[in-house]
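Work through the following exercises with the sequence and the structure side by side, and try each task before reading its solution.

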Amino acid sequence: MLTINDIADAIEELVKGAFPGEPVYRDYTPTGFQRPSTLVEASGGKYYPNFGCGLVELRPQFRLTTFTEVDAYHQQENPELTRRQMLLLGLFLPGYIKVGDRAPHVLDEGEMENGLDYAAVTITLSYTLDRQEFMEIQRLPEMGTLHIRQEVTTSG
């Protein structure tokens, strides 16, 4: 069973290999976060429940945002941000990423974004799950016993 969290873990490991010794944050950057660093977050995606005979297709999107050192005026070196952005794109050049015994496919479209103090890459992956396997992920724990106490008052 392959989950979006498993994929995020694999992407985090790829980023750590590209930028050894630098922090990799997941889902948010804390106040006063360290620079240089990278943020990995699941940023959306699509779900196709009727992909094929008994299959479900998931297309999760991941956004990788990289940060560099800034000066006293919160300015950074644009060439370094662009270099880091290209390194992040290079992580997905094989066309897939290895996650356990699976290899979600990198879709052809990708997005790059540059801000005042960051550069970002958004990648969409695609993989299928057997419908039963998908239902196992969604299975909620059964609710226990619920005791309700009701009091009735009358006005008169």
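**Exercise 1.** In which strand is Arg63 found? Describe the surroundings of Arg63 as well.

*Solution.* The model is a predicted one, and in it Arg63 belongs to strand β3, which covers residues 55–67. Next comes accessibility: the relative accessible area of Arg63 is 19%, and because buried means under 20%, Arg63 counts as buried. Setting aside neighbours within four places in sequence, the contacts of Arg63 include Leu39, Val40, Tyr118 and Glu113. With Glu113 there is also a polar contact between the side chains, at 2.9 Å. Finally, Thr124 is 61 residues away from Arg63 along the chain, yet their C-alpha atoms are separated by 8.9 Å.

**Exercise 2.** Work out how the rings of Tyr25 and Phe33 are arranged.

*Solution.* A search of the whole structure gives two aromatic pairs. In the pair of Tyr25 and Phe33 the ring centres are 6.1 Å apart and the planes meet at 80 degrees, so the arrangement is edge-to-face, given that planes over 60 degrees apart are counted in that way. Tyr25 is itself buried, at a relative accessible area of 16%, and together with Phe33 and Phe67 it forms one aromatic cluster.

**Exercise 3.** Over the face of which ring does Arg84 lie? Decide also whether Arg84 is buried or exposed.

*Solution.* Begin with the place of Arg84, which is in helix α2, residues 78–90. From there Arg84 lies over the face of Phe19, at 4.1 Å from the ring centre. With a relative accessible area of 2%, Arg84 is buried. Beyond four places in sequence, Arg84 touches several residues, among them Phe19, Glu22, Pro36 and Phe67, and Phe67 is also part of the aromatic cluster with Tyr25 and Phe33.

How values were computed: Residues are numbered from 1 along each chain as its sequence is written. This is a predicted model: local features need pLDDT of at least 70, side-chain atom pairs count only at pLDDT 80 or more; totals for chains, interfaces and linings use all residues. Side-chain values use heavy atoms; hydrogens and water are left out. Rings of Phe, Tyr and Trp (its six-membered ring) pair if their centres lie within 6.5 Å; planes under 30 degrees apart count as stacked, over 60 as edge-to-face and the rest as tilted. Buried means under 20% relative accessible area, exposed over 50%, partly exposed in between (1.4 Å probe, protein chains only). A charge sits over a ring if NZ of Lys or CZ of Arg is within 6 Å of the ring centre and within 35 degrees of the ring normal. Helices (H or I, at least four residues) and strands (E, at least two) are DSSP runs, numbered from the N terminus. Contact means heavy atoms within 4.5 Å. A polar contact is a pair of N or O atoms within 3.5 Å; within protein, one must be able to donate a hydrogen and the other to accept it, and residues adjacent in sequence count only if both atoms are side-chain atoms.
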